[in-house]
Amino acid sequence: MSKPYQYLGDFNAWIHQTAELLRARRWHEIDVLNLIAEVEDLGKSERRGIASQLTRLLLHLLKWQYQPQRRSDSWLDSITDARTQIELAIEDSPSLRNYPTEQLAESYQRARRQAAQQMAREILAFPEVCPYSLERVLAENWLPESEMG
């Protein structure tokens, strides 16, 4: 019998041991309460990932629109990657398909604050409500026009 690992002592070893116990159907040896907490956290992690990518995407769309003179391939790469990461997360967990819709307003507020800070502008320089529809935000080739155009 292998040594039992403590959940807080060596998390990685605990994960591997728990997987072994599950495969062996040794139910009575499983740390059920911590396993339940970890399974619940998996869902939170997926949602956090989508919200984080949506914030990053909105930030770069704002920068694209409000700093056309500084547009770069790295901004395009970031926009493309964020869209891809959101798409992959939803493919892995189709039940999260509506999560970007639920998070758009909150993610936009985070992106708006970050944009103001990164561009050294007042937050009021950016619309209070997200000016982009989610469909456009997630559309593969859509980019906003510059604030002047």
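This is a predicted model: local features need pLDDT of at least 70, side-chain atom pairs count only at pLDDT 80 or more; totals for chains, interfaces and linings use all residues.
I started with R110, which is partly exposed because its relative accessible area is 28%. For the wording, buried means under 20% relative accessible area, exposed means over 50%, and partly exposed is in between (1.4 Å probe, protein chains only). R110 forms a salt bridge with E106, and the closest N and O atoms are 2.6 Å apart. A salt bridge here is a side-chain nitrogen of Lys or Arg within 4 Å of a carboxyl oxygen of Asp or Glu. E106 is partly exposed too, with a relative accessible area of 43%. The two residues sit four residues apart in helix α4, so about one helical turn separates E106 and R110. Helices are DSSP runs of H or I with at least four residues, strands are E runs of at least two, and both are numbered from the N terminus.

Residues are numbered from 1 along each chain as its sequence is written, and side-chain values use heavy atoms, with hydrogens and water left out.

Next I looked up the salt bridges, and the structure holds four of them. One of them joins K44 and D41, at 3.7 Å from N to O. Both K44 and D41 lie in helix α2, three residues apart, which is about one turn of the helix. K44 is partly exposed at 41% relative accessibility, and D41 is partly exposed at 33%. Another salt bridge links E29 with R26, with the closest N and O atoms 2.8 Å apart. E29 has a relative accessible area of 27%, so I put it down as partly exposed. R26 is partly exposed as well, at 29%.

Then I got curious about E38, in helix α2. E38 is buried yet has no salt bridge, and the nearest side chain of opposite charge, R48, is 8.8 Å away. (Lys and Arg count as positive, Asp and Glu as negative; His and the chain ends are not counted.) What does E38 touch, not counting residues up to four places away in sequence? I found Y7, F11 and W14, where contact means heavy atoms within 4.5 Å.

I followed R48 as well, which also lies in helix α2. R48 is exposed, with a relative accessible area of 54%. Its C-alpha atom is 10.0 Å from that of Q103, though R48 and Q103 are 55 residues apart along the chain.

On to the aromatic rings. Rings of Phe, Tyr and Trp (its six-membered ring) pair if their centres lie within 6.5 Å; planes under 30 degrees apart count as stacked, over 60 as edge-to-face and the rest as tilted. The count comes to three aromatic pairs. F11 and W14 form a stacked one, 5.9 Å centre to centre with 20° between the planes. Both F11 and W14 lie in helix α1 (residues 11–23), three residues apart. F11 is partly exposed at 37% relative accessibility, whereas W14 is buried at 2%. Y132 and W142 make an edge-to-face pair, 5.3 Å centre to centre and 65° between the planes. Y132 lies in the loop between α4 (99–118) and α5 (134–138) and W142 in the segment after α5, so the pair ties together parts that are 10 residues apart in sequence. Y132 is buried at 6%, and W142 is buried at 19%.

Methods:
Lys and Arg count as positive and Asp and Glu as negative; His and the chain ends are not counted.
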